[in-house]
Amino acid sequence: MTKKTQQQFYKTIDFPPLTDEQRKELEHLESMDDNDIDYSDIPEKLDTPAVP
């Protein structure tokens, strides 16, 4: 059985506004030093080519 997935495409202006919680999280991430970011769950190299 094949499961169909629906993919949505948005223009930049179509995104809903950020919530206060989302803004706070982004501000926190922006204030972090690069050395404090945990990259351990991200592969160093992609196994597949990036899709343009």
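Show the surface of the whole protein chain: in this predicted model the chain exposes about 6,300 Å², and carbon and sulfur atoms supply 52% of that area. Buried residues make up 0% of the 52 residues.

Switch to a cartoon view. The protein chain has one helix and zero strands.

Select residues 20-31, which form helix H1. Its 12 residues should span 16 Å at 1.5 Å a residue, and the end C-alpha atoms are 17 Å apart, so the two values agree. Is H1 mostly covered or in the open? The number of buried residues among its 12 is zero, so H1 lies largely in the open.

Next, select Leu18, Leu26 and Leu29 and show their side chains. Together these residues make a nonpolar surface patch of about 260 Å².

Note on methods
Residues numbered from 1 in each chain as written. Predicted model: local features only at pLDDT ≥ 70, side-chain atom pairs only at ≥ 80, totals over all residues. Heavy atoms only, no water. Helix = DSSP H or I, 4+ residues; strand = E, 2+ residues; numbered from the N terminus. Buried < 20%, exposed > 50% of the residue type's maximum accessible area, 1.4 Å probe, protein only. Areas by Shrake-Rupley, 256 points an atom, 1.4 Å probe, with all protein chains shown as cover. Expected span 1.5 Å × (residues − 1). Patch = residues over 30% accessible without salt bridge, like charges linked within 9 Å, V, L, I, M, F, W, Y side chains within 5 Å. Salt bridge = Lys/Arg side-chain N within 4 Å of Asp/Glu carboxyl O.
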